[in-house]
Amino acid sequence: MLAKTRKRKTKMKTVVITGANRGLGLEFAKQYHADNWNVIACCRDPEAAAELAKAGVLVRKLDLLDFEAIDAFADSLAGNPIDLLINNAAIHDKSKVEGFSGIEAERWIDGFKVNAIAPVLLTKALLENLSAADKPVAATIGSQQGCLTLYENGGVYLYRTSKAAAHSAAVILANDLRSHDIPYVCLRPGHTKTEMGGSDAPYEIEDSVRLMRQVLARVDMANTGRFLDRSGALIPWSMEKDLNE
Ligand SMILES: NC(=O)c1ccc[n+]([C@@H]2O[C@H](COP(=O)([O-])OP(=O)(O)OC[C@H]3O[C@@H](n4cnc5c(N)ncnc54)[C@H](OP(=O)(O)O)[C@@H]3O)[C@@H](O)[C@H]2O)c1
């Protein structure tokens, strides 16, 4: 639990990160910690999160398939301002990407829960915490795989459809958060060397996270509802041409 007095004394900013035990989430935790932020790093199994434990951040158990746990997590943070929420965790069932044969309906539903629904529920549950911060920002880590305009082949149903839904949910969420002055954006890390991205990915984790942090630092209400890549450029996420072109 955060010590409110400590926060006031040091004026540390607080970030909540989901899926922080590995990949981009772990790197976000490390970099914000190194930058003197108060890091609340969420993961499914803290006891198995050895590298996160070494990072010196506050580790909290949060399985995003458990929607009641999302509310309980938020309740435990009552009264603590949150400056930044990074909805980073995602399921990409890489073994199930080949065409129709790989479709498993139950797992697909899990993908929607974690990738698209949980970010909305967590943001809603932490609304008072975000509202209590000076210049709060919240974000979903999106993916070009959720951009219909970039689909050139079949397969990858779980990840693509759930990321498209995550983008859609983020735009709706951004609209709901306007009256609270909380910008909500989607960020695209680019293809990065993580368990999900694979070792052949062109981008290093450190660089993708450093660049996304730079974008996050620039986000304000003028950018809310946008999908931005690691350079801050706008990404299209629907079909680009109408029938008359
Ligand atoms: N890497 C890329 O090239 C790339 C490109 C575009 C977008 N992204 C996005 O970037 C974000 C991070 O990806 P990554 O590459 O770092 O992936 P990753 O290494 O596969 O990490 C995924 C994270 O999500 C967590 N997670 C999965 N199911 C969860 C659940 N039910 N509850 C809580 N956490 C759960 C995982 O925890 P466990 O270890 O417990 O499974 C893990 O910490 C994702 O949103 C991804 O879609 C990545």
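## Basis of the model

The model is predicted, so that local features are reported only at pLDDT of at least 70 and side-chain atom pairs only at pLDDT 80 or more, while totals for chains, interfaces and linings use all residues. Residue numbers start from 1 along each chain as its sequence is written.

## Overall form

The protein has eight helices and seven strands, where helices (H or I, at least four residues) and strands (E, at least two) are DSSP runs numbered from the N terminus. Its radius of gyration is 17 Å, close to the 18 Å that the globule rule gives for 245 residues, so the protein is as compact as a globular protein of that length; the radius is taken over C-alpha atoms, and the rule is 2.2 Å times the number of residues to the power 0.38. The C-alpha trace spans about 60 × 40 × 35 Å along its principal axes.

Of the 245 residues, 42% are buried; a residue is buried if 20 or more other C-beta atoms lie within 10 Å of its own, exposed if 12 or fewer, and partly exposed in between, with C-beta atoms placed from the backbone. Among contacts (C-beta atoms, placed from the backbone, within 7 Å) with a separation of 6 or more, 66% join residues 24 or more positions apart.

## Nonpolar core

The largest nonpolar core contains 62 residues, and those with the most contacts inside it are Ile-17, Ala-20, Ala-29, Ala-41, Leu-52, Ala-139 and Tyr-184; such a core is a set of buried Ala, Val, Leu, Ile, Met, Phe, Trp, Tyr and Cys residues joined through C-beta atoms within 7 Å. Helix 7 (residues 157–177) supplies the largest share of this core, eight residues. Leaving out residues up to four places away in sequence, Ile-17 touches Gly-25, Phe-28, Ala-29, Val-39, Ala-41, Cys-42, Ile-86 and Asn-88.

Ala-90 lies in the loop between strand 4 and helix 5 (105–125) and counts as buried, because it has 26 C-beta neighbours inside 10 Å. Apart from neighbours within four places in sequence, Ala-90 is in contact with Gly-19, Val-114 and Asn-115.

## Loop residues with positive phi

Asn-36, in the loop between helix 2 and strand 2 (38–43), has a positive phi of about 70° although it is not a glycine. Asn-36 counts as exposed, because it has 11 C-beta neighbours inside 10 Å.

Asp-181, in the loop between helix 7 and strand 6 (184–188), likewise has a positive phi, near 60°, in a residue other than glycine. With 13 C-beta neighbours inside 10 Å, Asp-181 counts as partly exposed.

Key
Contact = placed C-beta atoms within 7 Å.
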